[in-house]
Structures are given as structure tokens and as C-alpha cells.
Amino acid sequence: MRNAFGQPQSVLVLGGTSEIALSVVERLVAARTQTVVLAGRNPSGLDLAAQELRDKGAQSVETLVFDADEPSNAQGVIDQAFEKAGGSIDLVLIAVGQLGDQDLLDNDPDGAAALFTTNLTWPVAAMTALRSKLITQGSGHVAVIASIAGVRVRRANFTYGATKAGLDAFTQGYSDSLKPYGVKVQIIRPGFVRTKMTEGMADAPFSTDVGPAADTIVKGLSSPASVIWSPPLLQGVALVMRSLPGVLWRKMPS
Amino acid sequence: MSNHQELLTGWGNTAPSLADVVRPRNEEEVTTDLQNAPGSLIARGLGRSYGDAAQCAGGTVLSNRGLWNLTPIDPLTGLVTVGAGVSLDELVSISIPAGWFIPVTPGTRQVTIGGAIAADIHGKNHHVDGSFMNHVRSIRLATPTGTLTITPESEPELFWATAGAMGLTGVVIDATVQMIPIETSYISVDTERFPNLDATMAAMASGDDDYRYSVAWVDCMTAGASMGRGVITRGDHAPKSMLEGKQTRHPLSPPASTKLAVPFTPPSGLLNRLSIKAFNEAWFRKSPKKRDGEIQSLGTFFHPLDGVDWWNRLHGHRGFLQYQFVVSDAHGDVVTKAIELLSSQKVPSFLAVLKRFGPHNPGPLSFPMKGWTLALDIPIGPPQLAGVLDQLDLMVGEAGGRLYLAKDSRLSPQQFRAMYPQLGEFERIRKTIDPQGLLASDLSRRLGIS
Ligand SMILES: Cc1cc2nc3c(=O)[nH]c(=O)nc-3n(C[C@H](O)[C@H](O)[C@H](O)COP(=O)(O)OP(=O)(O)OC[C@H]3O[C@@H](n4cnc5c(N)ncnc54)[C@H](O)[C@@H]3O)c2cc1C
């Protein structure tokens, strides 16, 4: 069960090798989390992460392998995850996603569509499968990792940005639909976080390391905020970004 | 959402969960509800426990408010048989005019008999009279394996397991309670102010036994030499001879009902460190340095907050919690350390209440035990709060103390086990009446009570 601070005892991560998500879960394990299910694509990466969480004190860590290129598997993944968690899950962290290389995607129709499948279509299918589970269990919390890149898409990564914009918009309505059932839904909008996903890329403005990003997110998960910005000052930056005229926006360094 | 589903929280307005609510009106309907529950079930009274004790996410919550039988109080013995859904407020409104008072009075009258038994509530007289179950003579209890009447003589194990069991041994249908005789509905009150915590605790340790009722309010927001300055109020039921003027005309008048209500939930943060500090300051200053023999009505003495309905809403959308622990006399220093920790970590606390308890009763999960109990009302919000309270849990646990489940909303299963060494015994008794574990609440799941 979640306690008065919203600290979960059981957590499911979809995208179970995401560095940000794992760093968040580590912190949750240090508080109240005992049961973790890590679901992702890379079995050895999941096993490694699972062992690390066990070492940090988690009582039960299970892994579940799936590929987000096939939305029809989403229902099965959710069913299995609940089974592995022992029937109920307090927090579902949705961290499925790839960045893609925009230069290649510019001329790769299949690649662009595949990125949408992984980053948007699959998570949407999974969240839809999740809905009835959470309503039946009578409580729960879903946190979806979107991105500042979805707030206003940029030339440099617009395919990625658009997938996140879609996920963000879907999550807003999803949140409203679950409110009457006591299920809390939050959107996490991180800025540029230095991880393996962003390896080799030049730092964008307001970049953070994984640790501080996870600290901000964990704090946000306990708050009533509908959106968690990481770092928090991105909230103000986003306001400016949204209101810049297109001519100026396109001149921003990318 | 089906029309009998409700999103429920405790008094602290935290961790809501959805459940099917059933409202049985008698024993037969309770039995049917127990049999028909598709999943887990827990009883609920007026929702005055602070955390998740009266919630059952995805299951059934049985409102006890339809269990409303009330036989007249036996004028010779003071015994009364009351439905589990009757509130203490409703009971005293008929008992006081007849010259009887409830044996244990918590800080609000808005709790039901079922809730009073389930939490084995204590009042300002614990050091003299013990807790609620010490005054219960028999209980009609509906369990998943049958309904039975339990007394301390006929079913000592189940009877005492039910004390503080937070509903996990079954649904109380009604109970026979030993009331106490009173000549008037007034208390003769002595009030005294002390400059710091040591002085407050010393005065309580030496003087409490001279009074039936005693409690101290302690200021946790003032650091330095005045840390823990306190106001002790102590009293006894006033005999008729002490009344004057208007009071003599109606020596036995029931408490007036609620006057004010907080109609909506203001934004969180209305009660913040500054406003709480100012409140504590004002409370301390308005209290007399020393005043003896003041005649106060029962309502004023016991329930100053019942004058404002739904005052919990003042804490805003994030809700609040109460942290109440008890430690033995030998570990009274934990009280000091707790207040020091909160103050150094800048955690605001509103109305800290300090009391002395008498001995523990045989209930394996009953909270009170001989020593000191401190209750702190804390708004949710400060990011450091969760960690600070975890630290406090360790201090309390290491000192052999424990937290009060009726107030808890955040304890970990590990610390809970350490604090309640008789848990194993409780779980063994529980298995005999609920082998399938049908009775469960958000609290029992959170704390891992099987
Ligand atoms: C302002 C305030 C002051 C308080 N002061 C004190 C105090 O001084 N001393 C003290 O001891 N407590 C105090 N409390 C706590 C309160 O007395 C307990 O939480 C009490 O249990 C609340 O009763 P309720 O009817 O609201 O029950 P609920 O909060 O609805 O339920 C509490 C528990 O009782 C169980 N329960 C309810 N009905 C039944 C039933 N028929 N059969 C079996 N189980 C049942 C529930 O399952 C749950 O576990 C205070 C609370 C408030 C809000």
C-alpha cells in the first residue's frame, strides 16, 4: 500500500533498464518499497539492475522481458507484471523510450514509425491495459516519463519530441479519467539528463545528472503536483519556450 | 463506478482508496455482508482514525453506523449495551442527564463504540482507569467463522486480541460497557504553566496521581531554553457542592453540539511553520500561570476542538498526520529527543499533547503501556518529514516503545513488528477466527499483519 507520503511498497517499471527510473526505484527501496518488477527488453541489463536493487535491500525483485515494438503484447505484459508482484502494484513507472537519431529519421519512414510505436503506441496500450487493474485494486499511482522535448518540439529531435508530446497529452486525459477512482497519475518532464541514452551528445541547457534528477522526481512523486519538472526550474523555462514566436524558436541553439 | 463505491480516507485526508461500502442494520445483515464480500472486508465507524485503518482498497468497507441499538443504562450498575455504530457523543447525550459518563473519553466525542474498541482508546485518565477495553464487559462479535459473545472470562484470548485489533478480529455488533457515575457535568480543573519540558514532565510525574484526568500541551516550536514549555490541565469530576449560580440549575447537562464547520478545503500551507508557531505562542500566553478549581463543562475540558466541525480540513489538500508514541518511564528522554529532533529539523507541529499512561492491559495490540505518550499533529508538506519520522521510529523502537495504530499512516512493517512483540500471538489468535484472512484493511496490508 501507499502510505500518507505516497511512498509505495510495490513498484513496476516498464522500461526497466532506464537509468532515471532505476535511480528513482533505488531511492524508493531506501524508503518503503519491498517488491519491484522490472520489465524491459534487455534480459542481462534487467538481471544486473535486479541484483543491484536486491543488494540495496529490496525483498523481492522480478524481471520480465518484452519488446515495445509490438503493442499487442502490452496486455500480457501488464498481466504478468501483476502476477509477479503478488497481485497488486502501488506505483507504475513508465520509462519506455528511445531517443532516435533525427538525422537518420529524417529519411527513414519505417524508423520514424517504429519510434512512435516504442515511445507512444506501446505505452498507450500498456496504460490502457493497466487502467482496469488499478480501478479493481482501488488505489494506485502511475508516473509517466515524458520530456521537455515534447513541450515544444525542436528541429534537432522532433520525432522524439512528438512521441513524447503525444504521450504527455494522452496522460493528461488518462489522469482525469482515473481521478474518481483514487488513482494518482503524474507526468514527469525531465530536461536533458546525462545518461547512456544521451551519451556522446553535447549537453543541452539545464542538463542534470541522474542522481539529482531522481531526487527531484522522488520528491515530486510524494507531492500532489500533476507534472513533475526536473530540474524544477524547467517549469518556468517551458513557459518561455511555449510563448516564443516561431522565428525566434528556430534560432535557438539546438 | 457503482453507486455504493466510495473513495475513503482517514481523518488525516491522506492515501485515499476506493471500496464498496455496505451499511448493515443488524446482526443478520452483518453476517450476510461477511459471507457475501467478494474480497477483503473491514469495518468503519466515523473515520476518526488518522490513517488507513478503516479503508479496504478494492474490497468492502462495512459502515457500522446502522448498528444503532441502545438499551437504557441500568440505574443500579451503570451497565449499558450499545450498538457499535453509536458515537460517544450520542451516548453521553443520553447518559449524562441520567448521571453516568463514559469511562474513557478521547480528544473527540465523534468516535463510535466499534472504533473505541478497535483502537482500545485511551483518555486523560489512563494513568488511573486504563483504556476503553478495561471497561467493556462483553462484546457481540461477528467473525468470518461465526458470531459469538465474548467476555474477558469466557473468551479471554479473543476478547483481549480484539482490544486494539483495528477491526481485524471481526465486526463488533454491540458491547456492554461499564459507565461511571457523575454528580455533575462539570470538571474542577487546575491549570499550570511551566517554562520548559523538564519542568513540565517533573510536575506530571509527581502530581498526576492526585487527579483522575491529566494532560499537558507542549510547545515544540520554540527552541532553546523554553523548548517544550507546557501547560498542564488536570481535573476531577466536580461534585454538586462545587457548582455555583446557573450551573446549579442544570447540574447534568449534555455537551452542546457543534457550532462551526469548515465548509471547504483551503489550499495547503495555510497552516505553515509561522502560523503554527504563532498559534502555539498564543495558546501558551492565554493560559494562566496557575489557576486552581476552575469549573469547566465536560465539553470544554475534553473536546475543545469538537466545537469546529471538520477542522481537519484546515490542513489543506495534502492532509496531515498524527505521530503518537509511548515509551516507558525509564525512556522519558525519548520525549525530549523527539521534540529536539523535530525542532532542529524545522518540522512544524501543532498541539503536541503529552500524557502519562498506566499499565498495559493484556491486549497484544493494545497501544497504551506504562510511561509517557506524546502525540504530535503535523501537516504533510515538508520534504524532510518522511525521513525525520523514520528516524523517530528507530528511536522509539530501540527504547522499547511503540506507535498508536489509530493514528498511524506511514509506519514500515519492519518497525511495526519490532514495536509490537506480541504480534505473533495476535496473529495466532486471529487465525482461529479468520483462517482465510478475509478481514483486511489498507493498514493491515501496509504493515503486513496476517
Ligand atoms: C481530534 C481527535 C482526537 C482523538 N483523540 C484520541 C484520544 O485522546 N485517545 C485515543 O485513544 N484516540 C483518539 N483519537 C483516535 C480515535 O479515537 C480512534 O481512531 C477511533 O478508533 C476512531 O473511531 P471511529 O468510530 O471514527 O472509527 P474509524 O476511524 O472509522 O475506524 C477505526 C478502526 O475501528 C475499526 N472499527 C470501526 N467500527 C468497528 C466495528 N463495529 N467492529 C470492529 N472494528 C471496527 C475500523 O476497522 C478501524 O480499524 C482521536 C481522533 C481525533 C480525530
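Which element supplies the largest share of the shell around the ligand? In this predicted model, the answer is α3(B), from which four residues of the shell come.

The predictor assigns the complex an ipTM of 0.93 and a pTM of 0.95. For chain B the average pLDDT is 92, and 93% of the residues reach a score of at least 70. A word of care still applies to any low-scoring stretch: where pLDDT is low, the predicted coordinates should not be read in detail.

The surroundings of the ligand come next. Around the ligand there are 34 residues, and those that come nearest are B:Ala43, B:Gly45, B:Arg48, B:Ser49 and B:Thr112. The side chain of B:Asn64 places a polar atom 2.8 Å from a nitrogen atom of the ligand. A backbone N or O atom of B:Val172 is likewise found 2.8 Å from a nitrogen atom of the ligand, whereas for B:Leu46 a backbone N or O atom lies 3.1 Å from an oxygen atom of the ligand. On its own the ligand has 960 Å² of accessible area, and the protein covers 96% of it.

Salt bridges can be followed through the chains in turn. Over all chains, the structure holds 31 of them. In chain A, the side chains of A:Glu26 and A:Lys56 meet in one such bridge, with an N to O distance of 3.7 Å. This pair links distant parts of the chain, 30 residues apart: A:Glu26 belongs to helix α1 (residues 19–31), and A:Lys56 to the loop between α2 (43–55) and β3 (60–65) of chain A.

B:Lys370 and B:Asp329 form a salt bridge in which the closest N and O atoms are 3.5 Å apart. B:Lys370 sits in the loop between β18 (350–357) and β19 (371–379) of chain B, and B:Asp329 in the loop between β17 (320–327) and α10 (333–344), so the bridge ties together parts that are 41 residues apart in sequence. Relative accessibility is 42% for B:Lys370, which is partly exposed, and 34% for B:Asp329, which is partly exposed too.

A second bridge in chain B joins B:Arg417 to B:Glu427, with 3.3 Å between the closest N and O atoms. Here two helices are linked: B:Arg417 is in α12 (residues 413–419) and B:Glu427 in α13 (residues 423–433), the two residues being 10 apart. B:Arg417 has a relative accessible area of 40% and is partly exposed. B:Glu427, by contrast, counts as buried because its relative accessibility of 11% is under 20%. Salt bridges also occur as a network, which links A:Arg32 with B:Asp390, B:Asp393 and B:Arg410.

Some backbone details are worth a look as well. In chain A, the peptide bond that joins A:Ser230 and A:Pro231 is cis, with omega at about -5 degrees. A:Pro231 belongs to the loop between β9 (227–230) and α8 (234–243) of chain A. In chain B, the loop between β1 (5–8) and β2 (17–22) contains B:Asn13, a residue other than glycine with a positive phi, near 60 degrees. B:Asn13 is partly exposed, with a relative accessibility of 27%. B:Ala15 is also found in the loop between β1 and β2 of chain B, and its phi is positive too, near 40 degrees.

A:Val210 is located in helix α7 (residues 210–221) of chain A and counts as buried, at 14% relative accessibility. From A:Val210 to A:Ala162 the separation is 48 residues in sequence and 23 Å in space, taken from C-alpha to C-alpha.

Note on methods
Residues numbered from 1 in each chain as written. Chains lettered and ligands numbered in written order. Predicted model: local features only at pLDDT ≥ 70, side-chain atom pairs only at ≥ 80, totals over all residues. Heavy atoms only, no water. Salt bridge = Lys/Arg side-chain N within 4 Å of Asp/Glu carboxyl O. Buried < 20%, exposed > 50% of the residue type's maximum accessible area, 1.4 Å probe, protein only. Near = heavy atom within 4 Å. Polar contact = N/O pair within 3.5 Å; in protein donor to acceptor, adjacent residues only side chain to side chain. Areas by Shrake-Rupley, 256 points an atom, 1.4 Å probe, with all protein chains shown as cover. pLDDT = per-residue confidence, 0-100.
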